[in-house]
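Subject: Structure for you to look through

Hello,

I am passing on a structure that I would like you to read alongside my notes.

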Amino acid sequence: MNDFNLLLAVFLLVNLIIALLRVARGPTDADRLLAALLFGTTGVAILLLLAFTADTLVLMDVALVFALLAAITGAVFAQRAWRMEGVEEGKDGNS
Amino acid sequence: MILRTVFLRIVLFIAVWWILTQGRADSWGVGLISIVSALIVSLVLLPPGLFRFSFAGIFFFLLYFLSRSLKSGIQVALMAARLDPGFHPNIQEIPLRLPEGLGRVILVNTLNLMPGTLSVDLTASSLYLHVLDERQPIEAQVRDIEKLIAHMLCVELEES
Amino acid sequence: MAIPELLSSIFLVMGAAFFMAGTIGLLRFPDVYTRLHALAKVDNLGLGLIILGLLFQAPGLTVALKIILIWLLALAASSAVSFLIARRALNRGVAPWKAKEQKI
């Protein structure tokens, strides 16, 4: 049973890496922000699976912090860049 | 009324603390301080009496939410698996009927997880939605969710 | 294999499958808005199913309640963040992708 959790965690990790490579390519910086979402869902799922793999339930707290941080990072990124729009308008296009 | 709100919030914070510490008995010292500070912060940020909610309304809302988000996940997953996803995306403007405040926030966030809709902008009078298929009856779905939220928060819908 | 373990495995595999579908959507969908649809909806359903599967393995009530709490938090977080990203993209003038027959 525990090996099964570990297997799924590795599978999700591969998923996350592929998704992150795609996200890093852009093309717009809005695409890159999707990484915050990925860690909020896939990252939390991986950590929860690992928490139930060995006797490491403390990893649940890490998952909790990941979910919190994903919310804060996303909000701050989006908000900050949005306000800077007037300063560097047209610098990053949607090419 | 205010006493009831304060009581409900204290119960909520105690429950959250109990869950977070997984029922450890030696954590209640810190817990007491945390619960009191959480209560003070919540009373400052969200004063009692601003809104009410009905438990039946929450139940119906959750039921609707869970079934529709299941449907929406399956729908988009199938689109991703198909050779031709069959998008007809567009941005639609929907006039809002919920009063400003919490209800609108819940509506915007709920629609992100509902079939075929993604909130892209919110103004004083309208909500802008990115829809995956503009031929679907999106507005009817938004109206349903509006009604459920209005029931949950005990508010009246405005005429648009 | 006992029934709870079997149910747990079924939900976990379904959850992982949805995560894979979400990643495929992310790779294939044409613009940032449609990719947000894929991440917000499919990945959250995947997370929900993984958590449902793990509930069968939870050693106690508080652990079970705690992962439900994490799920609610992750749900609210990703929904709010997807709205902020979409609004930002729109304000930056990222035009939504359109189907060919729509362009005419």
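Before we look at a single residue, one definition is needed: a residue counts as buried if 20 or more other C-beta atoms lie within 10 Å of its own, as exposed if 12 or fewer do, and as partly exposed in between. Please also keep in mind throughout that this is a predicted model.

With that definition in hand, please turn to B:Leu39, a residue that lies in helix α2 (residues 28-45) of chain B. Because 15 other C-beta atoms lie within 10 Å, B:Leu39 is partly exposed. Leaving aside residues up to four places away in sequence, B:Leu39 touches B:Arg9, B:Ile10 and B:Phe13. The C-alpha atoms of B:Leu39 and B:Ile10 are separated by 6.8 Å, although these two residues are 29 residues apart along the chain.

Still in chain B, there is an open sheet of 3 strands, whose order is β1-β3-β2 and whose pairing is antiparallel. The edge strands are β1 (90-95) and β2, each of which pairs on one side only, and the twist from one strand to the next averages 30°. Strand β2 (residues 117-122) of chain B and strand β3 (residues 126-131) of chain B pair in the antiparallel sense over 5 bridges, and a hairpin through 3 residues joins β2(B) to β3(B). To find your place in this pairing, you could look for B:Leu122, which stands opposite B:Leu127 in β3(B).

What lies across β2 and β3 of chain B? It is helix α4 (residues 102-112) of chain B, which runs at about 140° to β2(B). Helix α4(B) also has a helical partner, since its axis and that of helix α5 (residues 138-153) of chain B come within 10 Å and cross at roughly 140°, which makes α4(B) oblique to α5(B). The crossing in which α4(B) passes α5(B) is right-handed. On the α4(B) side the contact is made by B:Leu102, B:Gly103, B:Ile106, B:Leu107, B:Thr110 and B:Leu111, and on the α5(B) side by B:Val142, B:Ile145, B:Glu146, B:Ile149, B:Ala150 and B:Leu153. Divided by class, the residues of this contact of α4(B) with α5(B) are 9 nonpolar, 2 polar and 1 charged.

We can now turn to how the chains meet. Which chains share the most contacts? Of the 2 pairs of chains in contact, these are chains A and C. Chain A and chain B, on the other hand, do not touch, and their nearest C-alpha atoms are 8 Å apart.

Where chains A and C meet, 40 residues of chain C are in contact with 40 residues of chain A. On the chain C side, the elements that give two or more residues are α1 (3-28), α2 and α3 (61-91) of chain C, and the largest share, 16 residues, comes from α3(C). By class, that side of chain C divides into 25 nonpolar, 9 polar and 6 charged residues.

The contact of α2(A) with α2(C) has 14 nonpolar, 4 polar and 3 charged residues.

Finally, chain C also meets chain B, with 33 residues of chain C in contact with 26 residues of chain B. The elements of chain C that give two or more residues to this side are α1, α2 and α3, and α3(C) gives the most, with 13 residues. The side of chain C that touches chain B has 20 nonpolar, 8 polar and 5 charged residues.

Best wishes

Note on methods:
Residues are numbered from 1 along each chain as its sequence is written. Chains are lettered from A and ligands numbered from 1 in the order in which they are written. This is a predicted model: local features need pLDDT of at least 70, side-chain atom pairs count only at pLDDT 80 or more; totals for chains, interfaces and linings use all residues. Ala, Val, Leu, Ile, Met, Phe, Trp, Tyr, Cys and Pro count as nonpolar, Asp, Glu, Lys and Arg as charged, and the others, Gly among them, as polar. Two residues are in contact if their C-beta atoms, placed from the backbone, lie within 7 Å. Helices (H or I, at least four residues) and strands (E, at least two) are DSSP runs, numbered from the N terminus. Two strands pair if DSSP finds at least two bridges between them. Axes are lines fitted to C-alpha atoms, for helices over the stretch in contact, and angles run from 0 to 180 degrees between N-to-C directions. Angles under 35 degrees count as roughly parallel, over 145 as roughly antiparallel, 65 to 115 as roughly perpendicular and the rest as oblique. A crossing is left-handed if the near helix is turned anticlockwise from the far one by less than a right angle, and right-handed if clockwise.
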